[in-house]
Amino acid sequence: KGPDPDLLAIVERMATVKHKILVLSGKGGVGKSTVSAQLAFALAAMDFQVGLLDIDICGPSIPKMLGLEGQDIHQSNLGWSPVYVESNLGVMSIGFMLPDPDEAVIWRGPRKNGLIKQFLKDVYWGELDFLVVDAPPGTSDEHISIVQFLQATGIDGAIIVTTPQQVSLIDVRKEVSFCKKVGVQVLGVVENMSGLCQPLSDFTFMQMAETGEHRDATSWVLQCLREKAPEVLNLVACTEVFDSSGGGAAKMCEEVGVPFLGKVPLDPQLCKAAEEGRSCFADHRCRVSAPALKGIIEKL
Ligand code: ADP
C-alpha cells in the first residue's frame, strides 16, 4: 500500500507554515478559545503572518471572538480562502459554513475527522509564521486526528488552558498525559480566570460614589484620593473566585513536569473584548488581563 494521498496533500499544504501550535483544555468554558484568539491577535500585532484554525466543530466560537460573525468562506483555484481580520491574520472555522448559527452540529467522529482533514488539506493559507489551532475540549477523536495529521508535517507543541480549581486540573493532567502519549510537546499551561482583579478606580470607589448608601462620604474620599494620592486608585483588588488552595496550575505543572506559563485573571473587560471580537492588546481598559496575556506569550 502506497502513502496516504490525503496525508501527502496535507504535508504539501503545510510546507508553507513555519510553526504550528495547538491550544487544548480538559474542560469547556475555561477560556481556551479566548486564549487562542488573543494569541492570534498578539502574534499578528507583532507583524507575523498568522492563521487561526478553529476545529471545535460542535461549538465554534472563534468567528465571534475575531469579529467575523456571518462571514462566508470563498473558494478559489488555490483552495478555500480563510476569512481575514487583517491582511496578516486569517481565520478558518466551521462557523463560517453553517447556514444557521443556532443549529446544532450533530456529527459522528468520522465526519468530524473528514472536515479536519479537509481544513488542513484544502485551506490556502499562503506563507504563515504561525498556525494556531483551537481544539475542542477533552481528548476525543478530533484530537487524535489533528495530532496525527499535523505530526506528519511537524508540530511545535500544545498550550493547555485551565482554571485554578481541582475539577479542572484533574482534566488537565489527562490532557498532559494525552500529549505525552502521542508525542506532542507541552509548551506550557495557562491558568485562566485566576481571581477577579480590578483596579479600585474601575470598580469599588466609582460604584460606591455613584450608587452606594454613603454616597456623599464616598465621593468625598474619592475626591481626596484623586487629589492627594491618585496612585492608590491604580491598586488592583483581587478576589479568588475559584478554589486554588491545592496550589493551582503552578503546583500541578511542577508535579507533572511541564512548564507553567502564568495566570490570567478574570477581567470583565477581556470578556467584553472577546464578545465584541476585539484584541485586548489594543484596548487600554484591559489593564489587568492584557499584560498577563502578553507575559505568557513572551514566554513561548
Ligand atoms: P472555552 O474555549 O474553554 O470553552 P471560552 O474562551 O469560550 O472558553 O471562554 C468562555 C467565556 O469566558 C467567554 O465568554 C469568554 O469571553 C470568557 N472569558 C474567558 N477568559 C476570561 C477572563 N480571563 N476574564 C473574563 N472573561 C473570560
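Burial, shape and ligand shell of a predicted model

Of the protein's 300 residues, 42% count as buried. This is a predicted model, in which local features need pLDDT of at least 70, side-chain atom pairs count only at pLDDT 80 or more, and totals for chains, interfaces and linings use all residues. Residues are numbered from 1 along each chain as its sequence is written.

Q: Why is Val123 called buried?
A: A residue is buried if 20 or more other C-beta atoms, placed from the backbone, lie within 10 Å of its own, exposed if 12 or fewer, and partly exposed in between. Val123 has 20 other C-beta atoms within 10 Å, so Val123 is buried.

Q: Where does Val123 lie, and which residues is Val123 in contact with?
A: Val123 lies in the loop between α4 (109-122) and β7 (128-134). Helices (H or I, at least four residues) and strands (E, at least two) are DSSP runs, numbered from the N terminus. Contact requires C-beta atoms, placed from the backbone, within 7 Å. Leaving aside neighbours within four places in sequence, Val123 is in contact with Gly79, Trp80, Pro82 and Met92. Between Val123 and Trp107 there are 16 residues in sequence and 21 Å in space, C-alpha to C-alpha.

Q: What makes the protein as compact as a globular protein of its length?
A: The protein has eleven helices and eleven strands. Its radius of gyration (over C-alpha atoms) is 21 Å, close to the 19 Å from the globule rule for 300 residues, so the protein is as compact as a globular protein of that length. The globule rule is 2.2 Å times the number of residues to the power 0.38. Along the principal axes, the C-alpha trace spans about 80 × 45 × 35 Å.

Q: How many domains does the assignment give, and what separates their centres?
A: Domain 1 (5-194 + 241-299) and domain 2 (204-233) are given, with bounds from an automatic or database domain assignment. Their centres, taken over C-alpha atoms, are 41 Å apart.

Q: What makes up the shell around the ligand by class?
A: The shell has seven nonpolar, nine polar and two charged residues. Ala, Val, Leu, Ile, Met, Phe, Trp, Tyr, Cys and Pro count as nonpolar, Asp, Glu, Lys and Arg as charged, and the others, Gly among them, as polar.

Q: Which of the 18 residues around the ligand come nearest?
A: Gly31, Ser33, Thr34, Cys271 and Ala274 come nearest. A residue is near a molecule if its C-beta atom, placed from the backbone, lies within 6 Å of it. At least two shell residues each come from α2 (32-45), β9 (186-199), β11 (260-266) and α10 (268-275).

Terms used
Two residues are in contact if their C-beta atoms, placed from the backbone, lie within 7 Å.
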